[in-house]
Amino acid sequence: MRRALTAAALALSLAACQGQTSTEPPIVPVRQMHEQPRYDAQEPGGYFPDGRAMRPHVEHTVAREMEVDLTIDTGLEGQARYVDTIPPDVIDGFRGMPALLARGEDRYGIYCVPCHGALGDGAGMVPEVSGVGTIRPPTFHDDRVRRMPDGQVYATIRNGLRNMPAYRHNVPVRDRWAIVGYVRALQLSQMDGR
Amino acid sequence: MQIFPKSLNFLPLVTALGVAVGGGIATFVVVYYFSPRFLYVGYEPEQPVAYSHRLHAGQLGIDCRYCHANVERSFEAMVPPTQTCMGCHAVVRTDSARLAPVRESWESGMPVSWIRVHNVPDHVFFDHSVHLSAGVGCVTCHGRVDRMEVVSIAEPLSMGWCLDCHRDPEPHLRPVSRVTDMTWTREQATDAERAEMAALLARATPPENCSGCHR
């Protein structure tokens, strides 16, 4: 009896406790309908050579949720001139400037602050921690950036510039315009009375 | 005539004791070891890249939505594409051996084969965007990701766990602007945030019937 109890106690103490980590996949005793014959997002699939079931965007095609207004999408008027101000359509979409700026502040905090810093002076965490002096972004608070047309700021977010990556794949069109609006507000806030 | 030895008089007692002790152990084993808390929590597969949330989300303070950009808009949070990593790593740490698989994926166009950690069965319908716009934070369901070197499951993700919250979501709600904030607590809420939480609670209709989650 004592031996059996000792053995049981040993077995229990050898088995892991709740909350311990493991690199083995969870054991699922009953697996009915756990894996259904369909592809979930980002599941690997065997049909295409790159192994993705979810297809990346094919160039020169237009997906349903894409922006069709070229000026709003590219920030360009005609072929080569940047628009000077945020298109009124976008502002209407946000139901006015205050909502656009609030959205812009929120999105700026997510996508821009890591490099440009909360004040837009280029003192973000990434240039600092990585210690690569060359990737320190320029400040927004000089005349060059202040005089940029809104469309050019927008196009920089959309297409990237030098070391800055393009953000068109993770920031939707209207959020990019909202960020442009917020950058303008930041510049105004740092104008020291000029 | 005695057929059974006298010692057998103890048989009922021993049996009763055995059933009690054995049954107790069996119950404990089932409840403790067959539960999602034991089976799911703590699963942390070895990923193809030694990517660290503690560095990126914790130390660098990058918001979750920088990488998991779809989380507010779609069912799936999605592991970021190589493009997102290369946005920074085309200039930062370009020679790091730990980033070699990412650069390889960038050049070849083949995806990095991240191993899925959190996964509810296919018969369960789960939608991130609904929960985020209702004001449930990442930390409530995924734990302190900003402290994890390797992502591991922090909550059981079982049906009982979903229902516990759906029956009484109030203590888990927070203002929508705080959903990715890992350190925010309800005690810190300002009056405006309290009002927002009350409005969120009044609007929330988490399903408790089967067809809400098993569609």
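Which helices of chain A and chain B each supply at least two residues of the lining of the second largest pocket? In this predicted model, the contributors from chain A are α4 (97-111), α5 (113-116), α7 (143-147), α8 (150-159) and α9 (173-189), and they are joined by α5 (82-89) of chain B. The second largest pocket holds about 670 Å³ of space, and its lining comprises 34 residues, among which H116(A), P137(A), P138(A), T156(A) and M164(A) lie nearest the centre. When the lining of this pocket is sorted by class, 25 residues are nonpolar, six are polar and three are charged.

Helix α5 of chain B, one of the elements that supply the pocket lining, also contains T84(B). This residue counts as buried because its relative accessibility is 9%, which falls under the 20% limit set for that class. Between the C-alpha atoms of T84(B) and H68(B), which stand 16 residues apart along the chain, the separation is 9.7 Å.

On the surface, a nonpolar patch is formed by L5(A), L17(B), V21(B) and I25(B), whose accessible area together amounts to about 320 Å². Helix α1 of chain B (residues 11-33) provides the largest share of the nonpolar patch, namely three residues. I25(B), a member of the patch, is placed in that helix, α1 of chain B. With a relative accessibility of 33%, I25(B) counts as partly exposed, since partly exposed residues are those between the 20% limit for buried and the 50% limit for exposed.

How values were computed:
Residues numbered from 1 in each chain as written. Chains lettered and ligands numbered in written order. Predicted model: local features only at pLDDT ≥ 70, side-chain atom pairs only at ≥ 80, totals over all residues. Heavy atoms only, no water. 1 Å grid on protein atoms, 1.4 Å probe; cavity = no way out; pocket = protein on both sides within 12 Å on 5 of 7 lines; lining within 4 Å. Points joined across faces, edges and corners; volume = space filled by probe spheres on them. Helix = DSSP H or I, 4+ residues; strand = E, 2+ residues; numbered from the N terminus. Nonpolar A, V, L, I, M, F, W, Y, C, P; charged D, E, K, R; others polar. Patch = residues over 30% accessible without salt bridge, like charges linked within 9 Å, V, L, I, M, F, W, Y side chains within 5 Å. Areas by Shrake-Rupley, 256 points an atom, 1.4 Å probe, with all protein chains shown as cover. Salt bridge = Lys/Arg side-chain N within 4 Å of Asp/Glu carboxyl O. Buried < 20%, exposed > 50% of the residue type's maximum accessible area, 1.4 Å probe, protein only.
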